[in-house]
Amino acid sequence: MKKLCLAIAVGTAFAGAAQAQTKVETYGRLYPYFLSESNGVDKTNSMQTGNSNIGFRGNRDLGDGFKAGGQLEAGAYFDEGKDSSFAFDRNSFVYLETPYGEVRLGSFDTVFKEFGDELGILGISSGTPMSSSGVLRKAPFSGSNSFHLRQKNSFMYSTPEFGGFQAKMQYSASLNSGAADYTATAVEKPTLVSYGVSYENGPLRVTVASESHSDYFGISKGSTGSSSLDRADEFAVSWQVTDQHKVAFDYNQKQYRTDGLAAGAMNTYKNSANMISLASRWTEKFRTAAHVVTSGQGSCTNVGGSDCSTAGYNGNKVSIGGAYYLDKGTYVFLVLNQVTNGARARYSNTGSSLGAVAGKDIQNTVAGINYSF
């Protein structure tokens, strides 16, 4: 907690000192919630803070179409009244905006993540049981196989917008936290490449994106000197049907390959998943959101050509929730979620210490308060 207070004090002092020449903003979003959930074996009740955060951002006009800026953002985990892990571990970067596009350096969401799952659930899906990523953008087994990432050590270039089109390209020679155990040898060098194109025209937004992981070992780790290449391709479209209702559709195909595994081990896996989302504003006070995610069981191969079965690797997720707004940045919310797993699948959206159990369904009830500043 002392670290958090110090960061706020430093940010406030910086804002005061630089006000004359730099636009500086302190912002945050706090959304503690009560969570009741079951993983088909155990049940638990707890309070969580999700991806509550606090941050500082600023920019300076350099003239002639150039602008420089940056952002530092940290998670705010205050459910126990203290935070011993305070760090700027969320979207934190510096950027240079030019007439020829923007260059960004730091740690931030990948293009693939940014270009999909636009609606979320009441704006609070990421890092909570409401998130669709555990079924939509992951494989049905354990491993570093998620394509819903915030990536360290990243470089991104974004083109200027032209006729509603914009392209983004990202590269990271990473310290991949999900594959930390696999980076001990010089042979294994985890890298990430993500890129995509978006098109916006009034109420319509269409995006296509791709992401590749080298040596993340989404299936499994072999002996020293083994390697892997995993890739996902995505298509997403959203449409503001009326002032009150917005719908979105996401579709992706994922493929994982690891070389250097023992005979009989699964060395490739492919599957596809899709999601339909709806967000509605019924009155100035009351809003609802829902999504349905479906992931197929996919296909696979084994080293040596033995039979490989994906039976039971299918899964789906349903979330539905509502929010009542007390003002523009304050609302109370209630969301019901269920993940249904095939006989062998371990798709998960747990928000507590409960883990996914193969073939078991997960239910969550979430009720909380959101406050943004």
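Let's start with a pair of strands: S2 and strand S19 (residues 362-372) run antiparallel and are joined by six bridges. Two strands count as paired here if DSSP finds at least two bridges between them. One link in this pairing is glutamate 37, whose bridge partner in S19 is asparagine 364. Before going on, keep in mind that this is a predicted model, where local features need pLDDT of at least 70, side-chain atom pairs count only at pLDDT 80 or more, and totals for chains, interfaces and linings use all residues. Residues are numbered from 1 along each chain as its sequence is written, and side-chain values use heavy atoms, with hydrogens and water left out.

Strand S2 (residues 33-38) also pairs with strand S3 (residues 43-48), again antiparallel and again through six bridges. Here leucine 35 has serine 46 in S3 as its bridge partner. S2 and S3 form a hairpin with four residues between them, and in the turn you'll find glycine 40, with a positive phi of about 90°.

Now zoom out. The protein has three helices and 19 strands; these are DSSP runs numbered from the N terminus, with helices (H or I) of at least four residues and strands (E) of at least two. Of the 373 residues, 46% are buried. Buried means under 20% relative accessible area, exposed means over 50%, and partly exposed is in between (1.4 Å probe, protein chains only). Contacts are heavy atoms within 4.5 Å, and among those with a separation of 6 or more, 61% are between residues 24 or more positions apart.

What sits inside? In soluble globular proteins, nonpolar side chains tend to be buried together. A nonpolar core is a set of buried Ala, Val, Leu, Ile, Met, Phe, Trp, Tyr and Cys residues joined through side-chain atoms within 4.5 Å. The largest one in this protein has 18 residues, and Phe141, Tyr256, Met266 and Tyr269 have the most contacts inside it. Strand S6 (92-98), helix H2 (111-114) and strand S14 (266-281) each supply at least two residues of this core. Another core, of 14 residues, lies apart from it and includes Ala289, Tyr331, Phe333 and Val335.

Serine 280 counts as buried because its relative accessibility is 5%. Which side chain does the side chain of serine 280 meet in a polar contact? The partner is the side chain of histidine 245, at 2.8 Å. (A polar contact is a pair of N or O atoms within 3.5 Å; within protein, one must be able to donate a hydrogen and the other to accept it, and residues adjacent in sequence count only if both atoms are side-chain atoms.) Leaving out residues up to four places away in sequence, serine 280 touches Gln244, His245, Arg287 and Thr288.

Next, look at valine 247 in strand S13 (residues 245-259). Is valine 247 buried or partly exposed? Its relative accessibility is 30%, so valine 247 counts as partly exposed. The C-alpha atoms of valine 247 and serine 277 are 5.6 Å apart, although 30 residues separate them along the chain.

Our last stop is glutamine 166 in strand S9 (residues 165-173). With a relative accessible area of 18%, glutamine 166 is buried. Its side chain reaches the backbone oxygen of threonine 159 at 2.9 Å.
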